[in-house]
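Please look over the sequence and the model below before reading on. The paragraphs after it are meant to be read beside the structure.

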Amino acid sequence: MSRLPVYLLAPIVLPQSVALRRRTPELDDPPGERTGGAGDRLVRVIGDSTAVGMGVDSLDAALPARLAARLGARWSVAGRSGWTAPEVVRDFVADAREPAEVLVLLVGWNDAMQLRSPRAFEEALDALVVGAHAERVVVVGPPRFDRYPVLPEPLRFALGAVARELARRAARVASRRGALLVRGFDGAQVARDGFHPDAAGYDAMAETIAHALRD
């Protein structure tokens, strides 16, 4: 049912989606080693393009480094831009099983954009959480597309409905497995593509997660 608005509005939202894709600049992942920081504790981030820092020029400005700095920890990241939750499980579940004090999971962007099955999303996220070997597991919810200025209506409404269903599934997994749930990115501070966080956006995400961990 979460994908029903997209199907009903397809004659309008599909052309909107094509036009938006044509005018959206393509960004590259920031270069460099996917580990850094100092300290005895380790923060590991696994997921899609937001995990690997798309939208900023340096991994030092991306979420893993900004969060680790707040927690006085080292950081590592494993992920791939464009990957859905099942693809992240396929390629990176072994990374989730490596010991860490904090594991942050960032999936859902591409599941929403590609209209993938909410059940498949939930099962994949559940597999990541169950396989985690970390003292604290943080699930970051899918982006709140209904707040994204770059998305025209009714595309914003349709993708927002899809993302809300995925967020509901993420909350269910977090509750069932004892993980910490943090709300997804709201599109307020974005890179030049209008989708990914910029440096301020990643910093705000890091602060939100750090605050939730302190509570």
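Predicted model: local features only at pLDDT ≥ 70, side-chain atom pairs only at ≥ 80, totals over all residues.

Residues are numbered from 1 along each chain as its sequence is written, and side-chain values use heavy atoms, with hydrogens and water left out.

Start with helix α3, residues 63–71. Helices (H or I, at least four residues) and strands (E, at least two) are DSSP runs, numbered from the N terminus. Leu63, Pro64, Ala65, Leu67, Ala68 and Leu71 of α3 are buried (under 20% relative accessible area, with exposed over 50% and partly exposed in between; 1.4 Å probe, protein chains only). Their cover includes the strands β2 (42–47), β3 (74–79) and β4 (100–106), together with α8 (199–214). After α3 comes Gly72, with a positive phi near 65°.

Ala68 lies in α3 and counts as buried because its relative accessibility is 0%. Neighbours within four places in sequence aside, Ala68 is in contact (heavy atoms within 4.5 Å) with Val43, Ala73, Arg74 and Trp75. Its C-alpha atom is 9.0 Å from that of Gly36, 32 residues apart along the chain.

How do α3 and α8 pack? Their axes are 8 Å apart, at an angle of about 40°. Axes are lines fitted to C-alpha atoms, for helices over the stretch in contact, and angles run from 0 to 180 degrees between N-to-C directions. The two helices are therefore oblique to each other, a term for what remains after roughly parallel (under 35 degrees), roughly antiparallel (over 145) and roughly perpendicular (65 to 115). On the α3 side the contact is made by Leu63, Arg66, Leu67, Arg70 and Leu71; residues on the α8 side include Tyr202, Met205, Ile209 and Leu213.

Among the contacts of Leu105 outside four places in sequence are Ile46, Leu125 and Val137.

Two loops complete the tour. Between β5 (134–140) and α7 lies Pro154, and the peptide bond from Glu153 to Pro154 is cis, with omega near 5°. Leu115, in the loop between α5 (109–113) and α6 (118–131), has a positive phi near 55° although the residue is not glycine.
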